[in-house]
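Please work through the exercises below with the sequence and the three-dimensional structure at hand. Each task is followed by a solution in steps.

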Amino acid sequence: MGEYPHTLAELLEIVREFVKERDWDQYNLPLNLAISTSIEVGELLELFQWKTHEEIEEALKEDDFREALASEIADVLVYLLRVADTTGIDPAKAVVEKMKRNREKYPIDYWEGRAPNRFNRPE
Ligand SMILES: [Mg+2]
């Protein structure tokens with residue numbers, strides 16, 4: 001990973017330090033952070049809005065688009081990390097536990113090659 005931190009804990013610490021330096025803890029309350037996460041997800045979606053799959057494939061070859069996408073991915077992740085941090089949730093543990101539940105919910109022998117939707121769940 002070279003010059004970049006690669007654990008959630010390291011990323012969380014970088015974001016925590018940024019907030020603390022600016023005395024923004026007073027604004028970084030769970031509700032505000034959850035709202036901000038949703039806003040940033042909207043900005044992420046806006047990059048894809050009205051594009052076909054083929055147009056997105058083309059856009060992904062352009063540096064400007066990739067930079068904008070990276071920026072929105074970062075915004076979403078930063079706010080999600082702050083939601084986790086301010087609520088005492090370990091995001092790595094949350095993902096591991098969720099994937100365990102997903103493995104039970106979507107057994108391979110039924111779901112392999114099937115995209116789940118509300119109409120094709122097993123009885
Ligand atoms: Mg943004």
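The model is predicted: local features need pLDDT of at least 70, side-chain atom pairs count only at pLDDT 80 or more, and totals for chains, interfaces and linings use all residues. Residues are numbered from 1 along each chain as its sequence is written.

**Exercise 1.** Determine the secondary structure and the overall dimensions of the protein chain.

*Solution.* Step 1: the protein chain has six helices and zero strands, where helices (H or I, at least four residues) and strands (E, at least two) are DSSP runs numbered from the N terminus. Step 2: the C-alpha trace spans about 50 × 35 × 35 Å along its principal axes. Step 3: the radius of gyration is 18 Å, whereas a compact globule of 123 residues would have one near 14 Å; the radius is taken over C-alpha atoms, and the globule rule is 2.2 Å times the number of residues to the power 0.38.

**Exercise 2.** What share of the 123 residues counts as buried, and which buried residues belong to α4?

*Solution.* Step 1: a residue is buried if 20 or more other C-beta atoms lie within 10 Å of its own, exposed if 12 or fewer, and partly exposed in between, with C-beta atoms placed from the backbone. Step 2: 5% of the 123 residues count as buried. Step 3: in α4, the buried residues are Val78, Tyr79, Leu81 and Arg82. Step 4: their cover includes α1, α2 and α5.

**Exercise 3.** Describe how α1 and α4 are arranged and which residues form their contact.

*Solution.* Step 1: the axes of α1 (residues 8-21) and α4 (residues 63-87) come within 10 Å and cross at roughly 90°. Axes are lines fitted to C-alpha atoms, for helices over the stretch in contact, and angles run from 0 to 180 degrees between N-to-C directions. Step 2: the two helices, α1 and α4, are therefore roughly perpendicular, the class for 65 to 115 degrees. Step 3: Leu11, Leu12, Val15 and Arg16 of α1 meet Val78, Leu81, Arg82 and Asp85 of α4; contact requires C-beta atoms, placed from the backbone, within 7 Å. Step 4: this contact of α1 with α4 comprises five nonpolar, no polar and three charged residues, with Ala, Val, Leu, Ile, Met, Phe, Trp, Tyr, Cys and Pro as nonpolar, Asp, Glu, Lys and Arg as charged, and the others, Gly among them, as polar.

**Exercise 4.** Is Arg101 buried or exposed?

*Solution.* Step 1: Arg101 lies in helix α5 (residues 91-105). Step 2: Arg101 counts as exposed because it has 9 C-beta neighbours inside 10 Å.

Definitions and conventions:
Parallel < 35°, antiparallel > 145°, perpendicular 65-115°, else oblique. Contact = placed C-beta atoms within 7 Å.
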